[in-house]
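Hi,

Here is the structure I promised to pass on.

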Amino acid sequence: MSFFGAEFLGQPAAVWLLFTGIVALLLVLDLGVLNRGDHEIGIRRSLVLSSFYIGVALLFGAWVWYDLGADAGMLYLTGFVVEKSLALDNIFVISLIFSAFAIPRAYQHRVLFWGILGVLVLRAIMIGLGAALISSFGWILYIFGAFLILTGIKMLFAGDEPMDLENSRILKLVRRMIPVSPHLDGHRFFTRVQQAGGKAHLVATPLFLALVSIEIADIVFAVDSVPAVFAITTDPYIVYTSNIFAILGLRALYFALAAMVHRFHYLKYALALVLVLVGGKIFWTHLVGPVDTLISLGSTIGLLGGGVIVSLWKTRRDDRAALQAGASDVSIKRTQ
(Lines give C-alpha, C1' and ligand atoms only; values in the text may rest on other atoms or scores of the structure.)
Protein backbone atom coordinates (compact mmCIF):
# COMPACT_ATOMS: atom_id res chain seq x y z
CA MET A 1 0.00 0.00 0.00
CA SER A 2 1.34 3.47 -0.93
CA PHE A 3 1.86 6.23 1.63
CA PHE A 4 -1.12 8.21 0.28
CA GLY A 5 -3.39 5.20 0.68
CA ALA A 6 -2.22 4.38 4.21
CA GLU A 7 -4.95 4.94 6.80
CA PHE A 8 -4.45 7.52 9.54
CA LEU A 9 -7.14 8.15 12.17
CA GLY A 10 -9.79 6.49 10.03
CA GLN A 11 -8.98 8.26 6.74
CA PRO A 12 -6.34 7.79 4.00
CA ALA A 13 -3.23 9.96 4.36
CA ALA A 14 -4.10 11.65 1.04
CA VAL A 15 -7.34 13.01 2.56
CA TRP A 16 -5.47 14.49 5.53
CA LEU A 17 -2.85 15.98 3.20
CA LEU A 18 -5.60 17.62 1.14
CA PHE A 19 -7.03 19.28 4.24
CA THR A 20 -3.56 20.31 5.47
CA GLY A 21 -2.76 21.80 2.05
CA ILE A 22 -5.97 23.87 2.04
CA VAL A 23 -5.27 25.22 5.55
CA ALA A 24 -1.63 26.05 4.67
CA LEU A 25 -2.75 27.82 1.49
CA LEU A 26 -5.32 29.88 3.43
CA LEU A 27 -2.72 30.91 6.02
CA VAL A 28 -0.19 31.94 3.36
CA LEU A 29 -2.90 33.81 1.47
CA ASP A 30 -4.04 35.54 4.65
CA LEU A 31 -0.74 36.92 5.92
CA GLY A 32 1.30 36.96 2.73
CA VAL A 33 -1.24 38.43 0.28
CA LEU A 34 -4.48 39.76 1.80
CA ASN A 35 -3.08 41.29 4.99
CA ARG A 36 0.52 42.23 4.38
CA GLY A 37 1.86 44.89 6.72
CA ASP A 38 0.30 46.37 9.83
CA HIS A 39 -3.10 47.93 9.25
CA GLU A 40 -6.57 48.07 10.71
CA ILE A 41 -9.18 45.74 9.26
CA GLY A 42 -12.47 47.54 8.79
CA ILE A 43 -15.91 46.03 9.31
CA ARG A 44 -16.64 45.70 5.58
CA ARG A 45 -13.32 43.95 4.86
CA SER A 46 -13.84 41.78 7.93
CA LEU A 47 -17.25 40.61 6.71
CA VAL A 48 -15.91 39.94 3.19
CA LEU A 49 -13.00 37.86 4.53
CA SER A 50 -15.29 36.02 6.94
CA SER A 51 -17.71 35.20 4.10
CA PHE A 52 -14.76 33.88 2.08
CA TYR A 53 -13.68 31.57 4.93
CA ILE A 54 -17.24 30.34 5.49
CA GLY A 55 -17.53 29.69 1.74
CA VAL A 56 -14.33 27.63 1.74
CA ALA A 57 -15.55 25.68 4.80
CA LEU A 58 -18.90 24.93 3.10
CA LEU A 59 -17.15 23.86 -0.12
CA PHE A 60 -15.01 21.50 1.93
CA GLY A 61 -18.19 20.22 3.58
CA ALA A 62 -19.66 19.60 0.13
CA TRP A 63 -16.59 17.56 -0.73
CA VAL A 64 -16.97 15.57 2.53
CA TRP A 65 -20.61 14.96 1.56
CA TYR A 66 -19.54 13.75 -1.91
CA ASP A 67 -16.60 11.63 -0.73
CA LEU A 68 -17.89 10.18 2.56
CA GLY A 69 -21.67 10.33 2.10
CA ALA A 70 -24.64 12.46 3.14
CA ASP A 71 -24.50 11.50 6.83
CA ALA A 72 -20.82 12.50 7.07
CA GLY A 73 -21.58 15.76 5.26
CA MET A 74 -24.38 16.67 7.67
CA LEU A 75 -22.27 15.71 10.68
CA TYR A 76 -19.48 17.96 9.40
CA LEU A 77 -21.94 20.83 8.89
CA THR A 78 -23.43 20.32 12.37
CA GLY A 79 -19.97 20.30 13.94
CA PHE A 80 -18.99 23.42 11.98
CA VAL A 81 -22.13 25.32 13.05
CA VAL A 82 -21.67 24.36 16.71
CA GLU A 83 -17.96 25.28 16.69
CA LYS A 84 -18.57 28.58 14.86
CA SER A 85 -21.23 29.53 17.38
CA LEU A 86 -19.13 28.58 20.40
CA ALA A 87 -16.30 30.65 18.90
CA LEU A 88 -18.46 33.79 19.23
CA ASP A 89 -17.92 33.66 22.98
CA ASN A 90 -14.20 33.59 22.27
CA ILE A 91 -14.49 36.88 20.37
CA PHE A 92 -15.65 38.69 23.52
CA VAL A 93 -12.72 37.29 25.52
CA ILE A 94 -10.21 38.24 22.79
CA SER A 95 -11.63 41.77 22.81
CA LEU A 96 -11.06 41.98 26.59
CA ILE A 97 -7.49 40.70 26.19
CA PHE A 98 -6.62 43.32 23.57
CA SER A 99 -8.14 46.05 25.75
CA ALA A 100 -6.30 44.85 28.86
CA PHE A 101 -2.92 44.99 27.11
CA ALA A 102 -3.77 48.13 25.08
CA ILE A 103 -3.00 46.43 21.76
CA PRO A 104 -3.65 48.80 18.81
CA ARG A 105 -6.05 47.52 16.15
CA ALA A 106 -3.25 47.67 13.56
CA TYR A 107 -1.38 44.85 15.38
CA GLN A 108 -4.34 42.71 16.44
CA HIS A 109 -4.52 40.69 13.22
CA ARG A 110 -0.85 39.69 13.61
CA VAL A 111 -1.51 38.36 17.12
CA LEU A 112 -4.58 36.44 15.92
CA PHE A 113 -2.67 34.99 12.95
CA TRP A 114 0.13 33.54 15.08
CA GLY A 115 -2.43 32.47 17.63
CA ILE A 116 -4.15 30.26 15.05
CA LEU A 117 -0.91 28.32 14.53
CA GLY A 118 -0.93 27.38 18.21
CA VAL A 119 -4.60 26.47 17.95
CA LEU A 120 -3.90 24.07 15.07
CA VAL A 121 -1.42 22.16 17.23
CA LEU A 122 -3.37 22.32 20.51
CA ARG A 123 -6.66 21.20 18.94
CA ALA A 124 -4.86 18.35 17.12
CA ILE A 125 -3.43 17.12 20.44
CA MET A 126 -6.75 17.39 22.28
CA ILE A 127 -8.74 15.72 19.51
CA GLY A 128 -6.13 12.98 19.12
CA LEU A 129 -6.27 12.27 22.85
CA GLY A 130 -10.07 12.33 22.80
CA ALA A 131 -10.22 9.89 19.89
CA ALA A 132 -7.74 7.56 21.60
CA LEU A 133 -9.72 7.62 24.86
CA ILE A 134 -13.03 6.95 23.09
CA SER A 135 -11.45 4.10 21.11
CA SER A 136 -10.10 2.46 24.28
CA PHE A 137 -12.86 3.41 26.71
CA GLY A 138 -16.21 3.82 24.98
CA TRP A 139 -17.92 4.72 28.26
CA ILE A 140 -16.00 8.00 28.34
CA LEU A 141 -18.63 9.39 25.96
CA TYR A 142 -21.08 9.30 28.87
CA ILE A 143 -18.67 11.53 30.81
CA PHE A 144 -18.51 13.89 27.82
CA GLY A 145 -22.31 13.93 27.67
CA ALA A 146 -22.74 14.62 31.40
CA PHE A 147 -20.05 17.32 31.25
CA LEU A 148 -21.78 19.07 28.34
CA ILE A 149 -25.19 18.94 30.05
CA LEU A 150 -23.76 20.38 33.29
CA THR A 151 -21.82 23.04 31.37
CA GLY A 152 -24.95 24.03 29.47
CA ILE A 153 -26.99 24.32 32.67
CA LYS A 154 -24.21 26.37 34.26
CA MET A 155 -24.17 28.72 31.25
CA LEU A 156 -27.92 29.25 31.57
CA PHE A 157 -27.61 30.56 35.11
CA ALA A 158 -24.10 32.04 35.13
CA GLY A 159 -23.54 35.79 35.14
CA ASP A 160 -21.21 37.72 32.86
CA GLU A 161 -17.94 37.54 34.78
CA PRO A 162 -14.97 39.37 33.20
CA MET A 163 -11.73 37.49 32.55
CA ASP A 164 -9.22 38.14 35.37
CA LEU A 165 -5.92 38.49 33.51
CA GLU A 166 -3.99 39.99 36.40
CA ASN A 167 -4.44 36.85 38.53
CA SER A 168 -3.75 34.35 35.73
CA ARG A 169 -1.24 31.83 37.07
CA ILE A 170 0.16 31.11 33.62
CA LEU A 171 0.76 34.80 32.90
CA LYS A 172 2.43 35.21 36.30
CA LEU A 173 4.67 32.24 35.44
CA VAL A 174 5.50 33.78 32.03
CA ARG A 175 6.42 37.07 33.69
CA ARG A 176 8.72 35.24 36.14
CA MET A 177 10.42 33.27 33.36
CA ILE A 178 10.65 36.07 30.76
CA PRO A 179 11.29 39.77 31.44
CA VAL A 180 8.41 41.81 30.04
CA SER A 181 8.64 45.35 28.70
CA PRO A 182 5.79 47.67 29.67
CA HIS A 183 5.86 49.19 26.19
CA LEU A 184 5.14 47.93 22.67
CA ASP A 185 7.83 47.87 20.00
CA GLY A 186 5.81 47.94 16.79
CA HIS A 187 4.51 44.49 15.89
CA ARG A 188 7.38 42.67 17.62
CA PHE A 189 6.69 39.98 20.22
CA PHE A 190 10.21 40.41 21.63
CA THR A 191 12.50 43.42 21.76
CA ARG A 192 15.89 44.40 23.17
CA VAL A 193 16.09 46.88 26.05
CA GLN A 194 19.28 48.72 26.94
CA GLN A 195 20.27 48.18 30.55
CA ALA A 196 22.23 50.55 32.81
CA GLY A 197 25.47 48.67 32.13
CA GLY A 198 25.13 49.20 28.40
CA LYS A 199 24.17 45.59 27.60
CA ALA A 200 20.92 44.96 25.72
CA HIS A 201 18.60 42.26 27.07
CA LEU A 202 15.87 40.43 25.19
CA VAL A 203 12.43 41.03 26.73
CA ALA A 204 8.86 40.18 25.76
CA THR A 205 6.41 42.90 24.76
CA PRO A 206 2.72 43.18 25.76
CA LEU A 207 1.99 41.76 22.29
CA PHE A 208 3.51 38.43 23.40
CA LEU A 209 1.47 38.42 26.62
CA ALA A 210 -1.68 39.01 24.55
CA LEU A 211 -0.73 36.04 22.34
CA VAL A 212 -0.20 33.79 25.40
CA SER A 213 -3.53 34.94 26.87
CA ILE A 214 -5.38 34.12 23.64
CA GLU A 215 -3.82 30.63 23.58
CA ILE A 216 -4.92 30.11 27.20
CA ALA A 217 -8.44 31.26 26.32
CA ASP A 218 -8.57 28.79 23.42
CA ILE A 219 -7.60 25.90 25.70
CA VAL A 220 -10.41 26.90 28.08
CA PHE A 221 -12.93 27.05 25.22
CA ALA A 222 -11.64 23.80 23.72
CA VAL A 223 -12.59 22.01 26.95
CA ASP A 224 -16.23 22.68 25.96
CA SER A 225 -16.04 22.64 22.17
CA VAL A 226 -14.04 19.44 21.58
CA PRO A 227 -16.39 17.22 23.66
CA ALA A 228 -19.34 18.97 21.95
CA VAL A 229 -18.18 17.82 18.50
CA PHE A 230 -17.30 14.34 19.77
CA ALA A 231 -20.91 14.20 21.01
CA ILE A 232 -21.99 14.82 17.40
CA THR A 233 -19.56 12.35 15.79
CA THR A 234 -16.55 10.30 16.93
CA ASP A 235 -14.86 10.50 13.53
CA PRO A 236 -11.57 12.38 14.26
CA TYR A 237 -11.41 13.67 10.67
CA ILE A 238 -14.81 15.38 10.85
CA VAL A 239 -14.15 16.60 14.40
CA TYR A 240 -10.79 18.19 13.51
CA THR A 241 -11.71 19.65 10.13
CA SER A 242 -14.95 21.24 11.40
CA ASN A 243 -13.03 22.65 14.40
CA ILE A 244 -10.24 24.18 12.34
CA PHE A 245 -12.44 25.63 9.59
CA ALA A 246 -14.64 27.26 12.24
CA ILE A 247 -11.61 28.80 13.97
CA LEU A 248 -9.82 29.87 10.76
CA GLY A 249 -12.57 32.36 9.97
CA LEU A 250 -12.76 33.57 13.57
CA ARG A 251 -9.91 36.07 13.07
CA ALA A 252 -11.62 37.67 10.09
CA LEU A 253 -14.99 37.74 11.85
CA TYR A 254 -13.49 39.24 15.02
CA PHE A 255 -13.01 42.72 13.57
CA ALA A 256 -16.65 42.93 12.50
CA LEU A 257 -18.17 41.53 15.69
CA ALA A 258 -15.84 42.88 18.40
CA ALA A 259 -17.52 46.30 18.29
CA MET A 260 -21.04 44.88 18.46
CA VAL A 261 -20.58 41.67 20.46
CA HIS A 262 -23.06 43.06 23.01
CA ARG A 263 -25.78 42.63 20.37
CA PHE A 264 -25.43 38.85 20.74
CA HIS A 265 -25.88 38.75 24.50
CA TYR A 266 -28.76 36.26 24.42
CA LEU A 267 -26.95 33.89 22.08
CA LYS A 268 -25.19 32.36 25.08
CA TYR A 269 -28.52 30.91 26.27
CA ALA A 270 -29.01 29.27 22.87
CA LEU A 271 -25.45 27.91 23.07
CA ALA A 272 -26.22 26.55 26.52
CA LEU A 273 -29.28 24.71 25.17
CA VAL A 274 -27.19 23.35 22.26
CA LEU A 275 -24.64 21.93 24.73
CA VAL A 276 -27.47 20.30 26.70
CA LEU A 277 -28.90 18.97 23.43
CA VAL A 278 -25.67 17.41 22.13
CA GLY A 279 -24.86 16.05 25.58
CA GLY A 280 -28.30 14.49 25.88
CA LYS A 281 -27.92 13.05 22.37
CA ILE A 282 -25.16 10.74 23.65
CA PHE A 283 -27.45 9.19 26.27
CA TRP A 284 -30.39 9.02 23.86
CA THR A 285 -28.28 7.27 21.19
CA HIS A 286 -27.00 4.62 23.58
CA LEU A 287 -30.21 4.06 25.55
CA VAL A 288 -32.93 4.55 22.90
CA GLY A 289 -31.38 4.63 19.44
CA PRO A 290 -29.48 6.87 17.00
CA VAL A 291 -30.80 10.36 16.29
CA ASP A 292 -31.32 11.22 12.63
CA THR A 293 -28.49 13.55 11.51
CA LEU A 294 -30.96 15.86 9.75
CA ILE A 295 -32.95 16.29 12.98
CA SER A 296 -29.72 16.97 14.89
CA LEU A 297 -28.58 19.56 12.35
CA GLY A 298 -32.02 21.21 12.12
CA SER A 299 -32.47 21.51 15.89
CA THR A 300 -28.95 22.94 16.30
CA ILE A 301 -29.45 25.57 13.59
CA GLY A 302 -32.94 26.33 14.92
CA LEU A 303 -31.72 27.00 18.46
CA LEU A 304 -28.77 29.12 17.36
CA GLY A 305 -30.83 31.03 14.79
CA GLY A 306 -33.44 31.73 17.44
CA GLY A 307 -30.74 32.97 19.81
CA VAL A 308 -29.40 35.38 17.19
CA ILE A 309 -32.88 36.72 16.33
CA VAL A 310 -33.85 37.23 19.98
CA SER A 311 -30.48 38.90 20.69
CA LEU A 312 -30.77 41.37 17.81
CA TRP A 313 -34.44 42.15 18.59
CA LYS A 314 -33.97 42.52 22.35
CA THR A 315 -30.76 44.58 22.23
CA ARG A 316 -32.21 46.85 19.54
CA ARG A 317 -35.25 47.47 21.72
CA ASP A 318 -33.01 48.12 24.75
CA ASP A 319 -30.82 50.54 22.74
CA ARG A 320 -33.92 52.38 21.53
CA ALA A 321 -35.23 52.66 25.10
CA ALA A 322 -31.83 53.96 26.27
CA LEU A 323 -31.81 56.61 23.52
CA GLN A 324 -35.33 57.72 24.42
CA ALA A 325 -34.37 57.91 28.09
CA GLY A 326 -31.30 59.96 27.21
CA ALA A 327 -33.37 62.32 25.06
CA SER A 328 -35.88 62.76 27.91
CA ASP A 329 -33.08 63.62 30.37
CA VAL A 330 -31.70 66.23 27.95
CA SER A 331 -35.14 67.85 27.47
CA ILE A 332 -35.72 67.95 31.25
CA LYS A 333 -32.37 69.67 31.81
CA ARG A 334 -33.16 72.22 29.13
CA THR A 335 -36.50 73.11 30.74
CA GLN A 336 -34.93 73.56 34.17
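Below is what I found when going through it, from the overall picture down to single residues.

Before anything else, keep in mind that this is a predicted model.

**The whole chain**

The protein has 336 residues, and 44% of them are buried. Its secondary structure amounts to 11 helices and 4 strands. If you take contacts between residues at least 6 apart in sequence, 79% of them join residues at least 24 apart.

**Helix α7**

I'd start with α7, which runs over residues 206–232. How much of it is buried? The count is 24 of its 27 residues, so the helix is largely enclosed by the rest of the structure. From first C-alpha to last it reaches 39 Å, close to the 39 Å expected at 1.5 Å a residue.

**The salt bridges**

There are 3 salt bridges in total. Which residues are linked in a network? Those are Glu83, Arg123 and Asp218, and here is how they pair up.

- Glutamate 83 and arginine 123 meet through their side chains at 3.6 Å, N to O. Glutamate 83 sits in helix α3 (residues 70–100) and arginine 123 in helix α4 (residues 105–136), so this pair links distant parts of the chain, 40 residues apart. Both glutamate 83 and arginine 123 are buried.
- Arginine 123 also meets aspartate 218, this time at 2.9 Å, N to O. With arginine 123 in α4 and aspartate 218 in helix α7, the pair ties together parts that are 95 residues apart in sequence. Here too both partners, arginine 123 and aspartate 218, are buried.

There is also a salt bridge between the side chains of arginine 188 and aspartate 185, at 3.4 Å, N to O. Arginine 188 is partly exposed, with a relative accessible area of 47%. Aspartate 185 has 26% relative accessibility and counts as partly exposed as well.

**The nonpolar patch and α10**

On the surface, have a look at the nonpolar patch formed by Leu133, Phe137, Trp139, Tyr142, Ile143, Trp284, Leu287 and Val288. Together these residues have about 860 Å² of accessible area. Which elements give two or more residues to the patch? They are α5 (140–157) and α10 (267–287). Tyrosine 142 is in helix α5, and at a relative accessible area of 30% it is partly exposed.

As for α10, it has 21 residues and spans 30 Å from its first C-alpha to its last, close to the 30 Å expected at 1.5 Å a residue. Helix α10 has buried residues too, including Leu267, Ala270, Leu271, Val274, Leu275, Val278 and Ile282. Two lysines, Lys268 and Lys281, are also among the buried residues of α10.

For the contacts below, I leave aside neighbours within four places in sequence.

Threonine 241 is in helix α8 (residues 236–248). Is it buried or exposed? At 0% relative accessibility, threonine 241 counts as buried. It is in contact with Phe19, Phe60 and Tyr76.

Glutamine 108 belongs to helix α4. With a relative accessible area of 5%, glutamine 108 is buried. Its contacts are Phe98, Ile103, Tyr254 and Phe255.

Histidine 183 is in the loop between α6 (169–177) and β3 (190–194). At 57% relative accessibility, histidine 183 counts as exposed. What does histidine 183 contact? The partners are Thr205 and Pro206. Histidine 183 and threonine 205 are 22 residues apart in sequence, and their C-alpha atoms are 6.5 Å apart in space.

That's the lot from my side.

Cheers

Conventions: Residues numbered from 1 in each chain as written. Predicted model: local features only at pLDDT ≥ 70, side-chain atom pairs only at ≥ 80, totals over all residues. Heavy atoms only, no water. Patch = residues over 30% accessible without salt bridge, like charges linked within 9 Å, V, L, I, M, F, W, Y side chains within 5 Å. Areas by Shrake-Rupley, 256 points an atom, 1.4 Å probe, with all protein chains shown as cover. Salt bridge = Lys/Arg side-chain N within 4 Å of Asp/Glu carboxyl O. Buried < 20%, exposed > 50% of the residue type's maximum accessible area, 1.4 Å probe, protein only. Expected span 1.5 Å × (residues − 1). Contact = heavy atoms within 4.5 Å.
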